[in-house]
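This report walks through one structure, from its sheet to its helices and core. Keep the model open while you read.

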Amino acid sequence: MIPAKTYVRQSENGAMRVGEHDISLDSVVIAYQQGYSPETIQQLYPALTLEEVYGAVAFYLANQTEVIEYLSQQESRWDEVRKKSRDNPSPVVARLRAMSQSGALSQAGKTASP
């Protein structure tokens, strides 16, 4: 008997991944939900083979309830990351924001152009 292939796996941090180069299942599923064909998705993510894209789409179709719940959890995690980043920006981001608010960035851009 031919062993079954696994196209989607869960990483140690809980993220669902496709292919050897760790493309997120989120990326493939969202593109598919937006109406992209597997061939187009493979062009968008050339690290994936067409077989891997079809495997990920088949996984999604066979497990829609679980995958949609997973995508919802991922979105919540990203919302938390964005909030933390907004509330506690890195020193570089804080400085860029301050410069932007003072107009220094637009002035620097004018002097940098030839």
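Two strands pair if DSSP finds at least two bridges between them. Helices (H or I, at least four residues) and strands (E, at least two) are DSSP runs, numbered from the N terminus. The model is predicted: local features need pLDDT of at least 70, side-chain atom pairs count only at pLDDT 80 or more, and totals for chains, interfaces and linings use all residues. Residues are numbered from 1 along each chain as its sequence is written, and side-chain values use heavy atoms, with hydrogens and water left out.

**The sheet**

Arg17 has Ser24 of E3 as its bridge partner. Strand E2 (residues 16-18) pairs with E3 in the antiparallel sense, over two bridges. The open sheet has three strands in the order E1-E2-E3, with antiparallel pairing. Strands E1 (8-10) and E3 (23-24) stand at the edges with a single partner strand each, so one side of each is left without a neighbour in the sheet.

Asp22 lies in the loop between E2 and E3. Its phi is near 60°, a positive value in a residue other than glycine. Most residues other than glycine have a negative phi. Asp22 counts as partly exposed because its relative accessibility is 42%. The cut-offs are these: buried is under 20% relative accessible area, exposed is over 50%, and partly exposed is in between (1.4 Å probe, protein chains only).

The buried residues of H1 are Leu25, Asp26, Val28, Val29 and Ala31. Their cover includes E1, E2, E3, helix H2 (38-44), H3 and H4. Just after H1, Gly35 takes a positive phi of about 100°.

A nonpolar core is a set of buried Ala, Val, Leu, Ile, Met, Phe, Trp, Tyr and Cys residues joined through side-chain atoms within 4.5 Å. The largest one has 18 residues, and Leu25 and Val28 have the most contacts inside it. E2, helix H1 (25-33), H3 and H4 each supply at least two residues of this core. Contact means heavy atoms within 4.5 Å. Leu25 touches Val8, Met16, Arg17, Val18, Ala56, Phe59 and Val67, not counting residues up to four places away in sequence.

**Helix packing**

Axes are lines fitted to C-alpha atoms, for helices over the stretch in contact, and angles run from 0 to 180 degrees between N-to-C directions.

| Helix pair | Angle | Axis distance |
|---|---|---|
| H1 and H3 | roughly 80° | within 10 Å |
| H3 (residues 50-62) and H4 (residues 64-87) | about 100° | 5 Å |

H1 is roughly perpendicular to H3. Angles under 35 degrees count as roughly parallel, over 145 as roughly antiparallel, 65 to 115 as roughly perpendicular and the rest as oblique. In this contact, H1 gives Leu25, Val28, Val29, Tyr32 and Gln33, while H3 gives Val53, Ala56, Val57, Phe59, Tyr60 and Leu61. By class, that is 10 nonpolar, one polar and no charged residues. Ala, Val, Leu, Ile, Met, Phe, Trp, Tyr, Cys and Pro count as nonpolar, Asp, Glu, Lys and Arg as charged, and the others, Gly among them, as polar.

H3 and H4 are also roughly perpendicular to each other. Phe59, Tyr60, Leu61 and Ala62 of H3 meet Gln64, Val67 and Ile68 of H4. The classes here are six nonpolar, one polar and no charged residues.

Pro89 sits in the loop between H4 and helix H5 (91-102). With 26% relative accessibility, Pro89 counts as partly exposed. Pro89 touches Ala94 and Arg97, not counting residues up to four places away in sequence.
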